[in-house]
Amino acid sequence: MKLAHTLDHAKWTFTTRRVERSRIAGSDRDFSAARSGDLILAHVEKLGQHLRVQLPCGRPSLIFPGDAVVLACGARYAPDQFEGLAEISAEGADLLAGGGCIGRMVARNERIKPATRLMPAARLLDKAGRTINLADFALRPRPSRSRPPVIAVVGTSMNSGKTLATAQLVLGLRRAGYRVAALKATGTGAFGDYNEYSDSGAHFVGDFTDAGMVSTYLQPLSRIKAGIATLLDAADEATCDIAVMEVADGIFQRETAALVADPWFGHLISGLIFACGDAVAAAGGVAHLAQFRLRPNALTGLVSCSPMASAEASAATGVPVLRKSDLADPAEAAGFALRARARLERAA
Amino acid sequence: MKDASILPDNDHVRTERITVCCAAGRLSAEILYPDWRVESPPLLVLHGISRNADTLARYFASQAQRTGRCVIVPHFNKQDWPVFQRPTKTARPDQALLELLNYLATRDPDLAGPVDIFGHSGGAQLAHRAAMLYPHRVSALHLAAAGWYCLPDRSMPYPYGLAAGKGVQDLKWVNRHAIGLETFLRLPLTLYIGTHDTERDDSLRQVPMLDAGQGLTRLARAHCYLSAFKTAACAAGIAPCAKLIELPGCVHDVVEAITRYDLATLVMDSSPDKMFL
């Protein structure tokens, strides 16, 4: 009764959005056994970098010492903020991401504050005594015969312009008359990208959390690929014509690097956009991707803000540079879909 | 032959006027709903530089009722759309048309699929360029008496063809028009031209490159376009579904083409399975 009361008044975070709360029947304090995705009730101990958590309804909520929050145990890789592991100590833990990721911080960008500290209170269990995990509420794999073509968006790093490019291309494709899925293949659960995709009018929005993962950092590649496949099947079920899929962080990041290098990825995608900050990064990225027989159809990101940098990047790579307004232009966006459809037809 | 002064009885057609807004500007249109429906695509009717959308709507209303097909007649007014014949950096009639179709699709699932497009003169110019950019939104293309064309090959620089022009903007537009070219070349295409549409009037673009590349008159340019379309399709391994219908004695006048030569009937009755007849 006391647990239920606490949970009713706790701030449930965005990563727990798919959880059926009625399934929670008990708890334990075996935090050392917590694994990625397990649901944790914790109390805010000391505010640090994060002053807010993200709620399932899509708004941020201020948090205060003493507040009860429900989050998922997970790792995080964010060069602009933290690196953290899916480890929790009964003595305390870190709020690794405001979307609802609790774990142990192991590295921090020196420009930001220490992580907000949390005091774990309970690991949540079902009536059979099993740990409640986000994977229990994931979209069910429904293998589809006709997955939509995929335009992948990768970049040099966090904050290189991938999310903006994804959202703007979604907008352009929707304007051109396509039913569009916006997907986030990797990263750590948060509503920022999710909301931006939705605001652009995507007909289906899904991320790795919908596939059962709070974060993809340190997850096996096979699980990440299965998650992408599940999201694409869901996009097909939502009768989407095409999917735009953002892959988090830079192409040297552990999971992104593995995904990009996997021939499965090359077969999966029908188009590729590379977001970067300058011409040198563009040249390096295009050369790196070429090792895996991947060639971007377009460059975008911060480089596209400067006509001079764009000209340099285009000259160095032979790949056109598109601004966000270009991606949102239905005439440009339709080209991605038409090219993708043609590629699928040739493959068939 | 029909009397041009007698307009058809449109009592059974419900007419709705709508206006859509998008980044490109505002566009109004009349939507003609017959009191019965078939599953065939709606027809989008694009006026020329006389901007006679109302007249076209009245003539196509009877066709809507006869065939059970919805007809959509946008009006690019002069104030908002000084240029509407082709997409440019500053004028995007294509975006406004998309917004119109998207809006209709959200309201009526019967209007959600690809549409047949008919355009006369400047409207035919917009029609074929829009179809090149968005072939997935088009089920058939009917081009009447366009002044000139964007040839689906690299024989002429953009905007007359798909060879690279001088500017960066031109290259962007070339790429946009070229990416969906194979899909475009699979569309059923019917060209209509009056055999007397040979006057080199002020509204006909007359530049040496165009005269040399597409011909001196609308009649010659229509034949040139048909040939280029077929050749491009064959080169892409596509059996072209394209034909040209000459209207004997007809000049550059859409009302005459409709009232004396049944142009609206020809357009509405055309279907892909009849294209090779």
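Is B:F184 buried or exposed? At 0% relative accessibility, B:F184 counts as buried, where buried means under 20% relative accessible area, exposed over 50%, and partly exposed in between (1.4 Å probe, protein chains only). Before going further, please note that this is a predicted model, in which local features need pLDDT of at least 70, side-chain atom pairs count only at pLDDT 80 or more, and totals for chains, interfaces and linings use all residues. Residues are numbered from 1 along each chain as its sequence is written, chains are lettered from A and ligands numbered from 1 in the order in which they are written, and side-chain values use heavy atoms, leaving out hydrogens and water.

Let us stay with B:F184. Leaving aside residues up to four places away in sequence, B:F184 touches B:H128, B:A131, B:M132, B:P135, B:L141, B:P152, B:Y225 and B:F229; contact means heavy atoms within 4.5 Å. The rings of B:F184 and B:F229 have centres 5.6 Å apart and planes at 75°, so this pair is edge-to-face. Rings of Phe, Tyr and Trp (its six-membered ring) pair if their centres lie within 6.5 Å; planes under 30 degrees apart count as stacked, over 60 as edge-to-face and the rest as tilted. Because B:F184 lies in helix α5 (residues 181–185) of chain B and B:F229 in helix α7 of chain B, the pair ties together parts that are 45 residues apart in sequence. Helices here are DSSP runs (H or I, at least four residues), as are strands (E, at least two), numbered from the N terminus. One aromatic cluster is formed by B:Y149, B:F184, B:Y225 and B:F229.

B:F184 also belongs to the largest nonpolar core, of 92 residues, where B:F184, A:L169, A:L173, A:Y178, B:L143 and B:Y225 touch the most other members. Helix α7 (residues 218–235) of chain B gives the largest share of this core, eight residues. Such a core is a set of buried Ala, Val, Leu, Ile, Met, Phe, Trp, Tyr and Cys residues joined through side-chain atoms within 4.5 Å.

Now turn to B:W148, which counts as buried at 4% relative accessibility. B:R129 lies over the face of B:W148, at 4.3 Å from the ring centre; this requires NZ of Lys or CZ of Arg within 6 Å of the ring centre and within 35 degrees of the ring normal.

Finally, look at strand β10 (residues 101–108) of chain A, which runs parallel to β6(A) (residues 68–73), with two bridges. Strand β8(A) (residues 82–85) joins β10(A) antiparallel through four bridges. Two strands pair if DSSP finds at least two bridges between them.
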